[in-house]
Amino acid sequence: MAQHFLLSAEARTLSLRDIYRGGEQSAYETFKRMRWADTHGQPVCPACGCLDSKPIKDRPTFRCIACNKQFSVTSGTIFASRKMAYVDLLAAICIFVNAAKGLSALQLSRDIDCQYKTAFVLSHKLREALAAELADATPGGEIEIDGAYFGGHIRPANFKEKRIDRRKAVHQTGQRRVVVALRERQGRTYTHVVTSEADGLSIAAKARKGSTFYADEASHWDALHDSLVAFRINHSEAYSYLDGVHTNGVESFFSRLRRMVSGQHHHVSPQYLYQYANHAAWLEDHRRHSNGANAFAILGGALNHPVSRVWAGYWQRSN
Ligand SMILES: [Zn+2]
């Protein structure tokens, strides 16, 4: 039997040992090469694009010859105003990509010995950066579509006589959301957080023309047939029909997201559920890449992603 990819040496191209052995200077050089890839790590002023700058003594900062502004390798990126050492940031990204089912902020804070708040915001910034890969993309081709509920758990009362019917609408907390996922059979996984699974219909309608949909037997998908090409699988009959009709790909994504939510985060707020859905989709789509390739994909994405509107100064605003 062929060896599973994740067990092979090709899957392990980056380690914490190598990152820390390389040290701060080596990590800094990595950041420069990833940020200024076109100039092989030579600084480019983010304000005016000038290639001439002077390093400022004893600081990892440059002054632009043309516009006189100061900048660093992380200026204007999602890592702007970073306080963490480059080597720790690189290690955090390595730990983040190695966690196939996601990573709680508490665990990351223990691993790199930083405050919980720092790990929380850093993780969310990384999620924002990785989701940007699909910002301008539209799903198309053969697409498996499905939805699943997350959040809004109602804890049952201790005594039986005090327990309520948790299925009733009047008892709902308003915290429950649906993640609708569109998984291209030959490509990427797109996620949307909505309040009802039926909202998936309008999401499907935005896919590229000529796409083919695969959905399960849930009745709200019946309307897919009105305007789109759709095939259905009845899971009470089979998980896959012989003609290739199944939704196993999108089910596999939901399996990862469930494990992430129940095994790592335990509680997710409806407000930030989209971040975990994007994270699980990214992990699913990159599961056959080496951990080094994935770490550099995230680092490169983060260094090309503007300052986060949601996460920059998050704790300063919420305190
Ligand atoms: Zn400049």
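This is a predicted model: local features need pLDDT of at least 70, side-chain atom pairs count only at pLDDT 80 or more; totals for chains, interfaces and linings use all residues.
User: What is the phi of histidine 266, and how do I read it?

Analyst: General idea first: most residues other than glycine have a negative phi. Here, histidine 266 has a positive phi, near 65°.

User: Is histidine 266 buried or exposed?

Analyst: Exposed counts as over 50% relative accessible area. Histidine 266 comes in at 61%, so it is exposed.

User: Where is aspartate 113, and what is its phi?

Analyst: Aspartate 113 lies in the loop between α3 (105-111) and α4 (116-131). Its phi is positive, about 55°, although it isn't a glycine. Aspartate 113 is exposed too, because its relative accessible area is 68%.

User: On to the metal. Which residues are the protein donors of the zinc ion?

Analyst: Those are Cys45, Cys48, Cys64 and Cys67, each through SG, at 2.2 to 2.4 Å from the zinc ion.

User: What geometry does the site of the zinc ion have?

Analyst: For four tetrahedral donors, the ideal angle is 109.5 degrees. In this model the angles among the four donor atoms run from 101 to 119°, and the site is tetrahedral.

User: How are the donor residues spaced in sequence?

Analyst: The pattern is C-x2-C-x15-C-x2-C. Cysteine 48, in the loop between α1 (16-35) and β1 (53-56), and cysteine 67, in the loop between β2 (61-64) and β3 (70-72), are 19 residues apart and link distant parts of the chain. Cysteine 48 is partly exposed at 39% relative accessible area, and cysteine 67 is partly exposed at 28%.

Key:
Residues are numbered from 1 along each chain as its sequence is written. Side-chain values use heavy atoms; hydrogens and water are left out. Donors are N, O and S atoms within 2.8 Å of the metal (3.2 Å for Na, K and Ca); water is not among the atoms, so sites may look incomplete. Four donors count as tetrahedral if all angles lie between 85 and 135 degrees; four count as square planar and six as octahedral if opposite donors are over 155 degrees apart and all others between 65 and 115; anything else is irregular. Helices (H or I, at least four residues) and strands (E, at least two) are DSSP runs, numbered from the N terminus. Buried means under 20% relative accessible area, exposed over 50%, partly exposed in between (1.4 Å probe, protein chains only).
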